[in-house]
Amino acid sequence: SLVPIKNIERELICPICKELFTHPLILPCQHSVCHKCVRELLLLNHEDSFDAGSECSLPGSPGPRSRVPSPSMERLDRLARSATLQRRSFGRRGWRRGSVTPRVTTFPCPGCQHDVDLGERGMSMLFRNFTLESIVERYRQAARAAVAIMCNMCKPPQQEATKSCMDCKASYCNECFKFHHPWGTPKAQHEYVGPTMNFRPKVLMCPEHEMEKVNMYCEVCRRPVCHLCKLGGSHANHKVTSMSSAYKILKEKLSKSIHYLISKEDQVRTQISHLEVLINETEENGQVAECGAYEHFERLFQTLQERKSEMLNSIEQSRTRRLEQLRGQVEEYQGMLENSGLVGYAQEVLKETDQSCFVQTAKQLHTRIAKSTESLRTFHPAADPSFDEFVLETSREEAMLKELCFGGVPEPPIIDLSRSHVYNEGLLCWQLAEDTLATDHQVLEYRRLGAEQDGDSRWRLTDRVYGPSTVVCDLEADSLYSFRVRSCRNSLYSPYSPEVTFHTPPAPAFGFLFNDNCGFSSERLALSRRRDSVESMAGMAFLLAAERVQTGSYMGLDYIIGDTGISQGRHYWAFRVEPHSYLVKVGVASDSKLLEWFHNPRDTSSPRYDHDSGHDSGSEDTCYDLSQPFTLLTVGMGKIFLPKASVSAGSDHGDHSNRVLPMPQRIGVCLDYDAGRVYFYDADTMRCLYERQVDCSGTMYPAFGLMGSGKVHLEDFITAKRLSYM
């Protein structure tokens, strides 16, 4: 089913000018931008640009290979130096009008925001997107429907065009087309199409080599190139393919993607309906949250207003009381002045001649005057003019207001099982919720399952974690632990994450790296810089050895061991074998066996040479009960192969299905040196896959053997113990 052309307008809009594309150019990141928009992005100042004069002579509608001229490097350096000198003189004379400003050749893509560097050649390195241009033209025609394209050759009145010539780049009516393209002339061979305003070239030319056609596709740069670009140009070391092959592959991929989207139309409509419901819920919940916030702040404002009114009333009452006291004191002191108040009254009393009457009045008057005299000696204002007791210290309250949590309860984090590993110590990693507000810290909790009878089933808390991971120490061996984590923001805790369980290994983790000295073959094995992974390579030595191989023999294993040995106790380590590995032997070996392997090299060997060759020779059955100084388990081609003797006695020894298991993502090995026994585990579930007796008379080393294509990675937690001391 075809989509109507009118329904794709959003795909035809330039991300810069927000209008329909006009002569779109393809950027290196595969996004398209209008020609004029790219030009405006590149020019710092159109009026002062050194290309302004050249661009003014360009036609408004650029041709198939019209370009904005770019300066040479010498000219660019000269202009940059000139601009620097002018900037230095800016303080004295100001910036001169008409000064030259170097052009910018780097700008962020408006679609993906990646920096686009056009280099010295500038816009000349960009292809025009003729396909997009044609679609835009068809859209314009469908949008205007009734507006016809007129003949470019008719004299007024113009007739409606019936066809357009791609060579002449003009539209014609029937009569004009016959007149300008007569039979028997070269113009009769011109290519014509229906009426159009979009005249594209017949052949796409290389922008770097102007006379060459593009005939290849660079898979690195994802753009068409010519053969000169591949021979000695900028794409010399890039992988290219033929244009027909790229066309076929890209068209097939695009068709499959379109068919898939069309087949999922019902699912898309369902998801759109779900999104519309979410939009409505978002609007409703946003309004509810807005009303709730308004109510909360109104209550805060009301409380503050009440406290404000109480404080202002207290200040007013205190001010009135103090003014009354001070004014009364002023009146009292004014009475002490001559001929006024108390002094004047006392002078009048002294005029009394009757002794009895004088004594009766003078006693009380003398007491008042004595008080006034005392107040003069010890002057104290009746009230304190300062209002320090009403000064508010609100810094704590302001800090609390600033720390108000508007994000609510944070989302719980999710423990990342792919990055979390548990040994006698556990590395727990989690992913924080993708919300816009950061959390203050996280708290990890864990407990040992099945410990109810010991009374130790409580949750244990770690210290605050300020990051996405933490290490838990002192875990008991061969135990099942449950972990959960939650976030905290402004004293509000999120719900707990879903609980995850890990089974600790049966022994402490043994730390080591691959040994690059003892028996290491650099011709056949590639060791990483950290010495935590090794890969088997099919080099020239392997090829020469294979040339000498006769029927009935096979290539020998290339061995590599750990750089640390074991002479006592129980130890556990884990590793990953790449699924594409052809044959890998994993296990343990003693120092005596290693001397035999490394000091007696051989390119080929018989299948019966080694007791643990991995072939169905019967040698494994013969010596299974014997205690050997090594044990190696065969892993390869996505499978793990168990020796025959490890299968139950009642099973058919010829049935391979009983001893071929899917290869675990992680394999664990546990060596009990004192008991002389080795165990192989599925490290994810801690399920024991295989165990057997081993001779531990010497120092034992983790051992690996590779043949063909194979790769082994040590667990990060295993290597971290060794790397931390290096």
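I took a patch to consist of residues with over 30% relative accessible area and no salt bridge, with nonpolar side chains joined within 5 Å. The model I examined is predicted.

**Entry 1: the surface**

I looked for a nonpolar patch on the surface and found one formed by Phe297, Leu300, Phe301, Leu304 and Leu401. Together these residues have about 470 Å² of accessible area. I noted that helix H9, residues 265–334, gives the most to this patch, with 4 residues. Phenylalanine 301 lies in helix H9, and I recorded this residue as partly exposed because its relative accessibility is 49%.

**Entry 2: the cores**

I then turned to the largest nonpolar core, which has 33 residues. Trp573, Phe575, Leu671, Phe704 and Val712 touch the most other members. Several strands each supply at least two residues of this core, among them S25 (570–577), S34 (700–707) and S35 (710–714). I also found a second, separate core of 20 residues, including Leu20 and Cys109.

For phenylalanine 575, I left aside neighbours within four places in sequence; the remaining contacts include Val586, Ile667, Phe704 and Val712.

**Entry 3: the backbone**

Most residues other than glycine have a negative phi, and most peptide bonds are trans.

The peptide bond from proline 156 to proline 157 is cis, with omega near 0°. I located proline 157 in the loop between helix H5 (130–144) and strand S6 (163–165).

Arginine 531 has a positive phi of about 60° and sits in the loop between strands S21 and S22. I counted arginine 531 as buried because its relative accessibility is 16%.

Methionine 686 also has a positive phi of about 60°, and its place is the loop between S32 and S33. At 11% relative accessibility, methionine 686 is likewise buried.

How values were computed: Residues numbered from 1 in each chain as written. Predicted model: local features only at pLDDT ≥ 70, side-chain atom pairs only at ≥ 80, totals over all residues. Heavy atoms only, no water. Patch = residues over 30% accessible without salt bridge, like charges linked within 9 Å, V, L, I, M, F, W, Y side chains within 5 Å. Areas by Shrake-Rupley, 256 points an atom, 1.4 Å probe, with all protein chains shown as cover. Salt bridge = Lys/Arg side-chain N within 4 Å of Asp/Glu carboxyl O. Buried < 20%, exposed > 50% of the residue type's maximum accessible area, 1.4 Å probe, protein only. Core = buried A, V, L, I, M, F, W, Y, C linked by side-chain atoms within 4.5 Å. Contact = heavy atoms within 4.5 Å.
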